[in-house]
Amino acid sequence: MNEHILTTLEYDKIRDICATHTASELGRELMRSVRPASNLDSAARLLEQTWEADSIYRRFGKSPVDSFTDIRDTLERIHAALFLTMPELLSVASCLKASRKAKDILKNGNEDDLLTEMAGRLSDHFQIEDEIQRCIISEDEMADNASVELSRIRRQMHIVSDRVKDKLNSIIKNQSMQKYLQDPIITMRNGRYAIPVKAEYRGQVNGLIHDQSGSGQTVYIEPSAVVELGNEYKKLLLDEKKEMERILSGLTALVDPFASELHNSIMILGELDVIFAKAIMARDMRATRPTLNEQGRIRIQNGRHPLLDRNKVVPMSIHLGEEYDTLIITGPNTGGKTVTLKTVGLFCLMAASGMFIPADEGSAVAIFDQVYADIGDEQSIEQSLSTFSSHMVNLVSILKESNTNTLVLLDELGAGTDPVEGAALAQAILEHLQAAGVKTMATTHYSEIKAFALTREGMQNASMEFDVDNLCPTYKLYIGIPGKSNAFEISKRLGLSDDVIDRAREYLKGEEVAFEDVLRGAEEQRRRAEEYSQQMKLENEAANRLRNELEQESKKLADQKKQLREKAKEDAQKIVKETRHEMDSLIAQLRELKNIDSRELERVIQKSKDAMRKREDELYATVEKEQIEGEPPKNVKVGESVYVISIRGDANVLTMPDQKGMVQVQAGIMKLSVPLSDIRHKTGDTKLKKKPQAREILTNVREMKLELDLRGMLVDDAILEIDRYIDDCALTGRKEFYCIHGKGTGALRMGVQRYLKHHSKVQSFRDGAYGEGDAGVTVVTLK
């Protein structure tokens, strides 16, 4: 891709913006050298890398690539160097740490991810990194524990240093020495301890002169008393330097075998830095991932030029390479025609470089072999080229090199020369490019080119809207309608007299006037259609708001209804509990009385229970209907598994409904007849959804078995249990149960059946059949 074209389309500015999001100098260097890919596979791979980076950035909130130093030069000369310096080794450790951290984060992705594959090639030598950081504290300080010998030398240096300072302190504190000293301090000169002495008293202080001040008024003397200690300290300094160089050599030897690997790792880190910079820029621009193709199809939805203020820029939608390959854009100056050309070209270059584009989801761009652009005034005084000539030089080159996989962007085609000849040349150039299969976008003011595009298949007009009333462009692009020049309208608004404007109209040719009238009519229809569309949009939004408000109000009413229903259930439950408690208490007190006929008492108790149960049934009926979902079936099949409401469980159908609508079903070992209205269908493997039974909500009835075991009881006790069990069956809707009394003498069986015979809630009873318990069981059917 021609570097001049990249600059013309401002691609270099996008690279500079992206470079600001990198974490390293190497990343910035690599970013500024990025160029668009020229084939679909490469571009798709770059976009996929950016997509993966965006996912990781969303997960962790930052790039996994930390700042690191570019140590490529250091690694290239490591083999020839005796040892690396402390700053260089710290840079190596920094790179190793950055590599390790990036690898730890990225290696957890899918093994097919591109970034995971790159992470697998990063260096991870924690032992080397840790050893360097253990030995070197900063760029100019090595740790005492870097080696045992270094630690010993520095301890000895401290001892000698303290002895020297003690002697020097005693000297400078001596009253007889005070008048000789410039300042009562101890200083270092050329690695030796010294004291500042006034120049005129240098002969009064015995010792070695190591330095003097710039003014010559002060000399720095090492007193004779500490010369020997100074020599010892100097020797320790040399020993320290030698030991430090030995340590640096050892650390360098650790890095040396991995220099090539680390060099590759640094380059991968730089590439990752670039990839994540693209992802961060995409988030900053609110950009999306475009779909790529190599058929020359461009479809941009609400695209925004990335260099313009996103809060002010007017989005534009444009497509090319499907119904037509050539798009002619007309409109006023400064109306956005050139920006539109640059936006389309720049989006293609960005996508080919793995960058997302600031447009809506679903936008698509093509990967071209070349993108050519002739935009702006490129006249050259040095080359004696006029505006027209400079454009023509570019066009000659473009016409020679263009092919079916080329995008050509031409600004003000045919301008800079005689309008008639310029328009003719422009039509011929557009015709040539279209015949070659080139995807072309061009801007113009010439009416001849507008008309030419209307008559050519594969060409389309577009226009940039201009607000004549306010004399300003709106920057909106409309495809399918050529733009008017608006020269007369603008002139009139600016104050040009009607006489001059009317005279100017007379100079127009008849066909030109007719063409302008057609454009005026088309523009008016487009404007009306847009106003109608906007009105419909506003009405639709209002309808949506009203619907949402109604839905919220409906939900609110439903919630209130539910709360009231729950409150009613709670109140009913409370009433039932209290009433049953009072009744049980009263019955217990009555049964304790001895002067009352027990038979008459049981008859009255049973009558009272029946009346209470009737009232409870009426109360339950009001909520029972709301608590079972689904409608009763019209029919059932033998063998079908259904849900039976009365037993709150599943059962298998044994018979078809009879004339009364009764169906015989079997639940476990129990066979019973239930009305069709008591049955609900089950769908597939999904159990029928049901709400809790009203009785389950309003009472705390214990879980019941299908049989009542009375064995071992007296008849009176058994009757009480039967009565209580029948009450529970009524509450739970159970219609049939087994009463187990055993055979024995038969007294319990006879007493039970005698009581059942006169019970108001018992429809019938029978002895158990074979397999049900024979005479030891009575099967009871309730009403």
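Student: Before we go on, what pLDDT do side-chain atom pairs need to count here?
Tutor: Residues are numbered from 1 along each chain as its sequence is written, and side-chain values use heavy atoms, with hydrogens and water left out. This is a predicted model, where totals for chains, interfaces and linings use all residues, local features need pLDDT of at least 70, and side-chain atom pairs count only at pLDDT 80 or more.

Student: Back to Ser123: which residues is it in contact with, leaving aside neighbours within four places in sequence?
Tutor: Ser123 sits in the loop between α7 (114-119) and α8 (126-135); helices (H or I, at least four residues) and strands (E, at least two) are DSSP runs, numbered from the N terminus. Contact means heavy atoms within 4.5 Å. With neighbours within four places set aside, the partners of Ser123 are Leu96, Ser99, Arg100, Glu261, Leu262 and Ser265.

Student: What share of the chain is buried?
Tutor: For scale, the chain's secondary structure comes to 23 helices and 25 strands. If you take contacts between residues at least 6 apart in sequence, 68% of them join residues at least 24 apart. Of the 783 residues in the chain, the buried share is 43%.

Student: How are α9 and α11 oriented relative to each other?
Tutor: The axes of α9 (residues 148-172) and α11 (residues 227-255) come within 9 Å and cross at roughly 155 degrees. Axes are lines fitted to C-alpha atoms, for helices over the stretch in contact, and angles run from 0 to 180 degrees between N-to-C directions. Angles under 35 degrees count as roughly parallel, over 145 as roughly antiparallel, 65 to 115 as roughly perpendicular and the rest as oblique. That is why α9 and α11 come out as roughly antiparallel.

Student: How many nonpolar, polar and charged residues are in the contact of α9 with α11?
Tutor: The contact includes Leu150, Ile153 and Met157 of α9, and Tyr233, Leu236 and Leu237 of α11. Ala, Val, Leu, Ile, Met, Phe, Trp, Tyr, Cys and Pro count as nonpolar, Asp, Glu, Lys and Arg as charged, and the others, Gly among them, as polar. By that scheme, the contact of α9 with α11 has 11 nonpolar, three polar and eight charged residues.

Student: What handedness does the crossing of α15 and α16 have?
Tutor: α15 (residues 419-435) and α16 (residues 447-455) pack with axes 9 Å apart at about 30 degrees, which makes the two roughly parallel. Ala423, Ala426, Gln427, Leu430 and Glu431 of α15 meet Glu448, Ile449 and Phe452 of α16. A crossing is left-handed if the near helix is turned anticlockwise from the far one by less than a right angle, and right-handed if clockwise. The crossing of α9 and α11 is left-handed, while that of α15 and α16 is right-handed.

Student: What is the angle between the planes of Tyr180 and Tyr201?
Tutor: Rings of Phe, Tyr and Trp (its six-membered ring) pair if their centres lie within 6.5 Å; planes under 30 degrees apart count as stacked, over 60 as edge-to-face and the rest as tilted. The structure holds four aromatic pairs. Tyr180 and Tyr201 form a tilted one, 5.1 Å centre to centre, with an angle between the planes of 55 degrees.

Student: How far apart in sequence are the parts that the Tyr180 and Tyr201 pair ties together?
Tutor: Tyr180 is buried at 13% relative accessibility, whereas Tyr201 is partly exposed at 28%. Tyr180 lies in the loop between α10 (175-178) and β3 (187-189), and Tyr201 in the loop between β4 (192-198) and β5 (207-212), so the separation of the parts is 21 residues.

Student: What is the C-alpha to C-alpha distance from Gly331 to Thr443?
Tutor: Gly331, in the loop between β10 (326-330) and α13 (337-352), is buried at 6%. Gly331 and Thr443 are 112 residues apart in sequence, yet their C-alpha to C-alpha distance is 8.3 Å.

Student: What is phi for Glu10, roughly?
Tutor: Glu10 lies in the loop between α1 (3-8) and α2, and counts as buried at 15% relative accessibility. Although Glu10 is not a glycine, its phi is positive, at about 65 degrees.

Conventions:
Buried < 20%, exposed > 50% of the residue type's maximum accessible area, 1.4 Å probe, protein only.
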